[in-house]
Every structure is written in C-alpha cells, then in structure tokens.
Amino acid sequence: MCGFWPRAGLRARWSRAGGTGTAEFDIESGVYTEIQPGSYVFLDGHYGSLEWRDDWRFRHALFLASTVMSTARAGIIVCDAGLKSVATDSGLPRFWSSQQAGQPQYRSASDEHGVLALASPHEDGAGWLGEPILLVPGHCDPTVNLYDRYVVVRHGRVEGVWPIEARGLSQ
C-alpha cells in the first residue's frame, strides 16, 4: 500500500523514506519503492556500532589518517587529529585496526590533538611515536565537510584523489 492517501483519493507510484540506520527494516516492510540511506557508503562509527544482521554487514570505508605525536605519559598516546580534523557530535572517533583486542581508545580531543588510551595503563607507548594510525569518524557528514578531497585507497595503494565538490569550494 505504498504512497496511498485514501482521503485525497491519491496513490503515488513512488514512496521514498529511510536511512542507513533503518534500511533493513524499511526494505522488509514492503511499503517503500525507494530507500535513501547515505552514510552506509562510509559506515561511520555511529552506524558501525549498530547491531546489523549478518547479511547486512557493511564495512568502514572512511578513515582519517593521523600520526602519533607524543608518548610522554604511560598508557597514553597523542595523535594529530583533534576537533579541527574530525566531528565529535556522534561520539569520538574510533581507532581502526583489523584486530579488535587491545587497541587504543580515543578518549578526548583538543583543537589539534586527540588523546588515546592504550590497552595497558602502564605501557610506555614508545613504539607508537611517529606511527601512522587510522581513525573512523563518529559522524561522517560533518567530518567530510572539513576536507577538500578524498584520497581513495584500495589494497594499500592510492588509486585517486577526488574533490569534495559539495563542500562548496569553487576551483
């Protein structure tokens, strides 16, 4: 019964709704002819934390490259990705690794830096100094808005650089 308004005697050919967080339910409802999920393309930290069915498992595709700048305190590393680099309105960014156990946890942000807690509060972190790390933004939309272009990587190799034209910069 998609797009039916009985009081007005109207029946629409299309009925659009939905988003990334409700896509699986919207499709199963049979009500809509089109769903409009957008963030699934990147799967930010917010949507990545949802419990998806196995056959709806999306993968993270938007990462923020950062570098560990300081290991001055045991159990803590500091990276160069703070509030000017990543939106925190839907939570702090998440350290990305193919291994889930023992990874650092992003704990706080200043303008230019992020503080990550190591798995052990006693670890000196010296091995992290200068290391590149990847972060998954908590919210993709306002994070993407901070940048002029995407660096597109496949299998560890840069395949392209795409402008973020919707940001409003003219070139």
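**The core and its surroundings**

Modeller: The largest nonpolar core is a set of 12 residues: Leu64, Val68, Ile77, Cys79, Ala81, Val86, Phe95, Tyr106, Leu116, Leu118, Ile133 and Leu135. A nonpolar core here is a set of buried Ala, Val, Leu, Ile, Met, Phe, Trp, Tyr and Cys residues joined through side-chain atoms within 4.5 Å. Buried is under 20% relative accessible area, exposed is over 50%, and partly exposed is in between (1.4 Å probe, protein chains only). Strand 5 (64-70), strand 6 (76-79) and strand 10 (132-136) are the elements giving two or more residues to this core. A second, separate core has 5 residues, including Phe42, Leu62, Cys140 and Val144.

Before going on, some ground rules: this is a predicted model, with local features needing pLDDT of at least 70 and side-chain atom pairs counted only at pLDDT 80 or more, while totals for chains, interfaces and linings use all residues. Numbering runs from 1 along each chain as its sequence is written, and side-chain values use heavy atoms, with hydrogens and water left out.

Setting aside neighbours within four places in sequence, Val86 is in contact (heavy atoms within 4.5 Å) with Leu64, Pro93, Pro137, Thr143 and Leu146. Gln103 sits in the loop between strand 7 (94-95) and strand 8 (105-109), and is itself buried at 14% relative accessible area.

Next, the loops. His139 is in the one between strand 10 and helix 3 (140-144). Its side chain makes a polar contact of 2.8 Å with the side chain of Asp89; that term takes a pair of N or O atoms within 3.5 Å, where within protein one must be able to donate a hydrogen and the other to accept it, and residues adjacent in sequence count only if both atoms are side-chain atoms. Beyond four places in sequence, His139 has contacts with Asp44, Ala87, Asp89 and Ser90.

The structure has 2 salt bridges, meaning a side-chain nitrogen of Lys or Arg within 4 Å of a carboxyl oxygen of Asp or Glu. One joins Lys84 and Glu112, with the closest N and O atoms 3.0 Å apart. That pair links distant parts of the chain, 28 residues apart: Lys84 is in the loop between strand 6 and strand 7, and Glu112 in the loop between strand 8 and strand 9 (114-117). Lys84 counts as exposed at 54% relative accessibility, whereas Glu112, at 42%, is partly exposed. The side chains of Arg154 and Glu159 also meet in a salt bridge (3.4 Å, N to O).

Arg73, in the loop between strand 5 and strand 6, is exposed as well, at 59% relative accessibility. Arg73 and Ala126 are 53 residues apart in sequence and 9.7 Å apart in space, C-alpha to C-alpha.

To zoom out, the chain has 3 helices and 12 strands, which are DSSP runs (H or I, at least four residues; E, at least two) numbered from the N terminus. Of its 171 residues, 30% count as buried. Among contacts between residues at least 6 apart in sequence, 54% join residues at least 24 apart.
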